[in-house]
Amino acid sequence: GRAPPALSALSQVLRLERSRRAAVVFPLLRLERCLAPGADTARFRLFQPGLAALQRAEALFTSHRGHHIEYVSSAVRMEHAPPPALPEVCFIGRSNVGKSSLIRALFSLAPEVEVRVSKTPGHTKKMNFFKVGKYFTLVDMPGYGYRAPQDFVEMVEAYLQERHNLKRTFLLVDGVVGLQKTDHIAVEMLEEFGIPYVMVLTKIDRASRGLLLKNVLEIQEFVKENTQGCFPQLFLVSSVEFSGVHLLRCFVAHVTGNLPTVEAR
């Protein structure tokens, strides 16, 4: 298999200078320093695991003898989905939001896992299921918006309503452009079905710090005023620089019940 990219492992991140290390693991806290004095920072710090929890989560995402991470199957209809035997998380978002790139970054320590990343938006046409040992399943959903599959709505609505082992939905939003009209539709769907979800801002390496902070504050306000099922803390990620990837691995491990000692309000 291919060699894991730089900073994909915590051991590599820990060799960095302290402030750079913190920016890679907790990119939201780096933004917090730009806030005006006295600003409410509670939503920046709801999920802050320690090193032991981050390492435990990384172990789940690292394949080795006795712990296999593998692509299981694809499905266009629920009757073709694998049995709901394990806790499950799914990733949804607009076409070209960087969903497959993020999943590949999450699985970078299991180089034998093939996550296809296309330069053409809307490449993912099916639900793709990845099994992480005996611990959980991760599902890559088709992108919505531009070039979405014709039966996208039926496929995704059926999955969200019928998949009883679904523990959390990760709604990916482009960190450069912020919430778009199609994202609002996705939020309305998740709220209507009562699905617990979290927003992940992608491509943060492409946004200036000022633009990113503006988008973060606007989305935080939107979540506070307009949602019931969304986790109040946003997750910021760069699949290129691995910022936020280690923290996201830890949150996935937590919501699937594999980090019982980590508390997230």
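## A first look at this predicted protein

With 265 residues, a compact globule would have a radius of gyration near 18 Å, and the protein agrees with this at 17 Å. That radius is taken over C-alpha atoms, and the globule rule is 2.2 Å times the number of residues to the power 0.38. This is a predicted model, in which local features need pLDDT of at least 70 and side-chain atom pairs count only at pLDDT 80 or more, while totals for chains, interfaces and linings use all residues. Residues are numbered from 1 along each chain as its sequence is written, and side-chain values use heavy atoms, with hydrogens and water left out.

### The whole protein

Along its principal axes, the C-alpha trace spans about 55 × 45 × 35 Å. The accessible surface comes to about 12500 Å², and 49% of it belongs to carbon and sulfur atoms; such areas come from the Shrake-Rupley method with a 1.4 Å probe, and for residues only the protein chains shown count as cover. Of the 265 residues, 54% count as buried. Here buried means under 20% relative accessible area, exposed means over 50%, and partly exposed is in between (1.4 Å probe, protein chains only).

Contact means heavy atoms within 4.5 Å. Among contacts between residues at least 6 apart in sequence, 75% join residues at least 24 apart.

The protein has 9 helices and 7 strands. Helices (H or I, at least four residues) and strands (E, at least two) are DSSP runs, numbered from the N terminus.

### The sheet and its helices

How are the strands arranged? The 7 strands form an open sheet in the order β1-β3-β4-β2-β5-β6-β7, with mixed pairing. β1 and β7 (235-236) stand at the edges with a single partner strand each, so one side of each is left without a neighbour in the sheet. Two strands pair if DSSP finds at least two bridges between them. As a general point, strands of a sheet pair through backbone hydrogen bonds, either parallel or antiparallel.

Of its 9 residues, 8 are buried, so β5 is mostly covered. β2 (residues 88-93) and β5 (residues 166-174) pair in the parallel sense over 6 bridges. β5 and β6 also run parallel, joined by 6 bridges. Some facing residues are listed here.

| Residue | Opposite residue |
|---|---|
| F91 | F170 in β5 |
| F170 | V198 in β6 |

F91 stands opposite F170 in β5. Helix α8 (residues 209-226) packs on the sheet, where α8 touches β5, β6 (197-202) and β7, and its direction makes about 165 degrees with that of β6. Helix α9 packs on the sheet as well, touching β2, β4 (136-140), β5, β6 and β7, and its direction makes about 155 degrees with that of β5. For these angles, axes are lines fitted to C-alpha atoms, for helices over the stretch in contact, and angles run from 0 to 180 degrees between N-to-C directions.

How many residues of α9 (residues 245-255) are buried? The count is 11 of its 11 residues. Among them are V245, H246, R249 and F251. Just after α9, G257 takes a positive phi of about 85 degrees.

### Two residues with a positive phi

Most residues other than glycine have a negative phi, and most peptide bonds are trans. Phi of N96 is near 75 degrees, a positive value in a residue other than glycine. N96 is found in the loop between β2 and α5 (99-106) and counts as partly exposed at 48% relative accessibility.

F242 also has a positive phi, near 70 degrees. F242 lies in the loop between β7 and α9 and is buried, with a relative accessible area of 3%.

### Two serines

S8 lies in the segment before α1 (10-13). Is S8 buried or exposed? At 0% relative accessibility, S8 counts as buried. Leaving aside neighbours within four places in sequence, S8 is in contact with E58, S108, L109, F242, H246 and R249. A polar atom of the S8 side chain lies 2.7 Å from the backbone oxygen of P5.

S63 is found in the loop between α4 (51-60) and β1 (69-75). The side chain of S63 makes a polar contact with the side chain of E112 (2.8 Å). A polar contact is a pair of N or O atoms within 3.5 Å; within protein, one must be able to donate a hydrogen and the other to accept it, and residues adjacent in sequence count only if both atoms are side-chain atoms. Not counting residues up to four places away in sequence, S63 touches I69, L109, A110 and E112.
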